[in-house]
Amino acid sequence: IPATKPGLHLIGAGYGSMGVNWTAGVTGTFCLTINAIDTVVDGFNFWGDPVDCHGIFCDWDSPTVFGENSVIRNCTFTDSIDIGIQMEYSWYNQVYGCHFQECDEYGIYVDPAGDGISYVKIYNNFFDDCAYAMALDDADNCDIYGNRIYNSLAQATGTATNMGLNTSAGSSNMVVNNNFSCILPAGVGGDWNDFNSASSTDAWSGNYCMNGLATSNPT
């Protein structure tokens, strides 16, 4: 979607719970790249067959690219997708009601070598055994709540370092009322501190592990 087409709403017209199928068809590319402001994507199933590809890329790079303030909702990112959603220097996006089904690399990804994200809301999504659920390096002032994050390694107290939620290179994020398939801090693989990482200025509050409520930021 070029910067000259702001405000588009892409709505999948099917009735299946996964959404209307969408694939890139070219190895290593994104099904959809958003370079325009105020885009809505609703009701699609992003899948990688017959080749390995990615879902959605929101990119901001003035003066010709303005991929922010997007809404991505009610979409599925299947087990044949490498990266579900990637954001680069993209602010005020919302991602909600989505199912990230065993994505091969990342459910939601922010490149640590890039320019980060700010003021993004990520809520009420299900991350189902993705290699890494949310790698949000350099995420600032984001609101992350009501998500369910399952990882089979963490559930079995195996090493699952930062496979849950990682905001350690960012600042001032609110992470509230999420559910994680790990145990409270116990000094073992896949526990709260292994599965997740926070910035020192984040506020992680009211998040649930399998055996109770976490009372501190993960380290």
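This is a predicted model: local features need pLDDT of at least 70, side-chain atom pairs count only at pLDDT 80 or more; totals for chains, interfaces and linings use all residues.
A salt bridge is a side-chain nitrogen of Lys or Arg within 4 Å of a carboxyl oxygen of Asp or Glu. The partners are Arg-73 and Asp-42, whose side chains meet at 2.9 Å, N to O. This pair links distant parts of the chain, since Arg-73 belongs to strand β8 (residues 71–73) and Asp-42 to strand β4 (residues 40–42), 31 residues apart. As background, side chains of opposite charge can pair when their charged atoms come close. The two partners also have their own surroundings. Asp-42 has a relative accessible area of 14% and is therefore buried, because buried means under 20%. Arg-73, at 22% relative accessibility, counts as partly exposed.

Attention now turns to the strands. Strand β10 (residues 83–88) has six of its six residues buried, so this strand is largely enclosed by the rest of the structure. Which strands pair with β10? One is β6, which joins β10 in the parallel sense over four bridges. Another is strand β14 (residues 106–110), which runs parallel to β10 and is joined to it by three bridges.

Strand β3 (residues 30–34) is mostly covered, with four of its five residues buried. A handy general point for looking at such strands is that, in a regular strand, the side chains alternate between the two faces of the sheet.

A separate description applies to an open sheet of three strands, in the order β11-β15-β19, with parallel pairing. The edges of this sheet are β11 and β19 (139–140); each has a single partner strand, so one side of each is left without a neighbour in the sheet. The pairing of β11 with strand β15 (residues 117–118) is parallel and consists of two bridges. Within it, the bridge partner of Trp-91 is Ser-118 in β15.

Together with Tyr-89, Tyr-92 and Tyr-119, Trp-91 forms a nonpolar patch with about 380 Å² of accessible area in total. Where does Tyr-92 lie? Tyr-92 is found in the loop between β11 (90–91) and β12 (94–96). With 45% relative accessibility, Tyr-92 counts as partly exposed.

The surface also carries a negative patch, formed by Asp-49, Asp-52, Asp-79, Glu-102, Asp-104 and Glu-105. Among these residues, Asp-49 lies in the loop between β5 (44–46) and β6 (54–61). Is Asp-49 buried or partly exposed? The relative accessible area of Asp-49 is 40%, so Asp-49 is partly exposed.

Asp-143 lies in strand β20 (residues 143–145) and is partly exposed, with a relative accessible area of 25%. Asp-143 and Lys-121 are 22 residues apart in sequence, and in space they are 4.8 Å apart, C-alpha to C-alpha.

Key:
Residues are numbered from 1 along each chain as its sequence is written. Side-chain values use heavy atoms; hydrogens and water are left out. Patches are made of residues with over 30% relative accessible area and no salt bridge: like charges are joined within 9 Å, nonpolar side chains (Val, Leu, Ile, Met, Phe, Trp, Tyr) within 5 Å. Accessible areas come from the Shrake-Rupley method with a 1.4 Å probe; for residues, only the protein chains shown count as cover. Lys and Arg count as positive and Asp and Glu as negative; His and the chain ends are not counted. The place of a charge is taken as NZ of Lys, CZ of Arg, CG of Asp or CD of Glu. Buried means under 20% relative accessible area, exposed over 50%, partly exposed in between (1.4 Å probe, protein chains only). Two strands pair if DSSP finds at least two bridges between them.
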